[in-house]
Amino acid sequence: FDEEYDVIIVGSGFAGIACGIKCAEKGYKTLMIEKMGRIGGNSVINGGIFCVPQNDLQKKAGIKDSNELFIADCMKAGLGINHKELLETLAKRAHETYQFTLKYGAKYLDSLVHEGGHSVPRTYQTAVGSGAGIVLPLMERFEKMAGVALKTRTKFDDFVMDDAGRVIGILAREDYRFDSKLFSDDLENQGGTPKAFKATKAVMLASGGFCQDKYYRAVQDPRLTPSTDSTNHPGATAGVLLKAFGIGAVPVQVSWIQFGPWACPDEKGFGVGSMFNVNASFRYGISVDPKTGKRYMNELADRKIRADHMFAVIGKDENYPINLCDSQAIERLLPDHYEKALKAGILKKFNTLEELAQHYKMPVEAFKKTVTDYNSYVKAGKDPEFGKPTNMVDGITLSKAPFYAMRGTPKLHHTMGGLQINTQAQVIHSKTHQPIPGLYAAGEVTGGVHGASRLGSVAITDCLTFGMIAGENI
Ligand code: ADP
C-alpha cells in the first residue's frame, strides 16, 4: 500500500459527504476520493429538494403527515417492490438528517414544495435553489475537520481483499482525466498514476448512479440510445457498481431507470429550465399537448406516470408538451428558477393566452377552453378529468398575465437499482447473505429504497441518511 487511512470513501456527493463528516466526527483518518475535477457529482447540480416527513414546517402549517403515509406514497410510486425496511429507516431518521445538515451550514426556505406523488407537501427547498446549498457548506466543513483528505481526479479502479474476504483497501489512480466522450467506465484509456490505499476500518461506496453509462444503461433498457439525454453529470457511470458485483455484492432492481418529467428539450441536461417545471408549471399550472391544446395527465402524479404520458404525447414526431403557468406562480419562485431560463430563451413570456397558443401553433379555442375548464376545477376543488390534487395548488388559477411557458420532455434522471444494503448501510454478499466485511454503501449506487420509481425529493433523504448511517456504523 502507498497510503493508509481508517476509512476510504469513494464519491463526493450527498452520501459520501454525510459519511465523511460522521467519520471525521469520530476522529477517523478519512480519505474521500472523487474521479472528476469537481466535487459533488449529481448532488451539487440537483434541485435541492429534500423530503422530510413530519417536519417542523408541516406542523406550523397544520399539515398532517405520518411515517406510514410517507412509506405508502413511496411504495405506490415504487410499484410495491421497495425494500420496506430501508424506507422505515429513512422515515425514522429523516428529521435527524435534516438537523444534521442545518448543523453543518445548510439553509432552507421557510415554505414547503409539493412534489408529485406525495400525498402532502413535505419537501424543503434549499435557500439557493439547488443541491449546492447542502453539498458546499458540508464539504467546506468536512475539509476543515482533523484527519481528513480529499483527492479529486482520483478514480477508484478495484478492491483489495484479504484471504478471509474482507475489503482492506482499494486500487485507484491519481491525476485521472475523465473523458465524457467515452461510452462507459473505460478502465484502460484515461491515464493517471496507479496507487494502492489501505483502509483499516472500511471502504464506503458513494459513487452514485449510472444514467450516463451509455453501455450499461442500454443493457438494462435497450430503448435507451447513446443520444438519450440525461439530467446527470457526465461521470455518472457504472464502474464501481460492477466492481462491487464482482466481489459478490447482490444486484437489486438494476433495470429500473427513471426519467425526470420536468426537463426541457431545448437545452442539454438538467439545465436551467427544470426547476421552473418542478416548482411552478406542474404544481400551479398545466401541461398541454400542442396538437390538441388539451391537458393529458395529472401534472402532480409521480414521475413514472408523468414521463409515460409525456412520451405518449411526444410520439415519433417530437410533439413536445407545453408546460405553463401564470404570474402568480412565478411570483412564488426563486429568481434562479426562472430568470436564467428566460435569458436562455427556453422559457417564454406571453401577454395573453392567445399569444401563447399561437406561438406553439396550438388550436387557440381548444386551448382557451382547457384553461377555463382547469380554472373551474381549481375553484371547485376537484379535477374530474385527471385527478390532479387541486387542494395542493393554493387556489392559483391560470388568470394573471403575463403567462410563462416552456416545452417539456422527460430525461434520464435516476437509477433506482444498485447494491443491496441492510439498514446499517452494509453491502450484502450473494453467497453468505451477510455483510461483506469492511464494505459500506449509500446513495444512488444502492438499490431497493425506491423500488420501480423514486418519488421526487426522496433522493436527498436517501443519500444523506444512509451516508450518515454508514458513518455511524463504521
Ligand atoms: P449520490 O447522490 O449517491 O451521493 P453523486 O452523483 O452526487 O451520488 O456523487 C457520486 C460521486 O462519485 C460523483 O461525483 C462521481 O464522479 C463519483 N464517482 C463515481 N465513480 C467513481 C470512481 N470510480 N472513483 C471515484 N469517484 C467516483
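Why does Asn-473 count as partly exposed?

Modeller: Asn-473 counts as partly exposed because it has 17 C-beta neighbours inside 10 Å. A residue is buried if 20 or more other C-beta atoms lie within 10 Å of its own, exposed if 12 or fewer, and partly exposed in between, with C-beta atoms placed from the backbone. This is a predicted model, in which local features need pLDDT of at least 70 and side-chain atom pairs count only at pLDDT 80 or more, while totals for chains, interfaces and linings use all residues. Numbering starts from 1 along each chain as its sequence is written.

Asn-473 belongs to helix α14 (residues 458-473); helices (H or I, at least four residues) and strands (E, at least two) are DSSP runs numbered from the N terminus. Apart from neighbours within four places in sequence, Asn-473 is in contact with Gln-424 and Ala-425, contact being C-beta atoms, placed from the backbone, within 7 Å. Its C-alpha atom is separated by 9.2 Å from that of Cys-23, 450 residues apart along the chain.

For the chain as a whole, 54% of the 474 residues count as buried. Of the contacts with a separation of 6 or more, 76% are between residues 24 or more positions apart. The secondary structure comes to 14 helices and 19 strands. The radius of gyration is 22 Å, close to the 23 Å of the globule rule for 474 residues, so the chain is as compact as a globular protein of that length. That radius is taken over C-alpha atoms, and the rule is 2.2 Å times the number of residues to the power 0.38. The C-alpha trace spans about 75 × 45 × 40 Å along its principal axes.

Helix α8 (residues 274-284) is a case of burial, with 11 of its 11 residues buried. Among them are Asn-277, Asn-279 and Arg-283. What covers the buried residues of α8 includes β11 (286-289), β13 (322-325) and β15 (403-407).

These strands also belong to an open sheet of five strands, in the order β12-β11-β13-β15-β14 with antiparallel pairing; two strands pair if DSSP finds at least two bridges between them. The edge strands, β12 (294-295) and β14 (348-350), each pair on one side only. Three bridges join β11 to β13, and Ile-286 has Leu-324 as its bridge partner in β13. Four bridges join β13 to β15, where Asn-323 is partnered by Met-406. Three bridges join β14 to β15, with Phe-403 as the partner of Phe-350. In a regular strand the side chains alternate between the two faces of the sheet. In β13, Ile-322 and Leu-324 point one way and Asn-323 and Cys-325 the other, and all are buried.

Around the ligand there are 26 residues, of which Gly-11, Gly-13, Gly-41, Gly-208 and Gly-443 come nearest; a residue is near if its C-beta atom, placed from the backbone, lies within 6 Å of the molecule. Helix α1 gives the most to this shell, with three residues.

As for confidence, the chain averages a pLDDT of 95, and 99% of the residues score at least 70, on the predictor's per-residue confidence scale from 0 to 100. The complex has an ipTM of 0.99 and a pTM of 0.92 from the predictor.

Conventions. Two residues are in contact if their C-beta atoms, placed from the backbone, lie within 7 Å.
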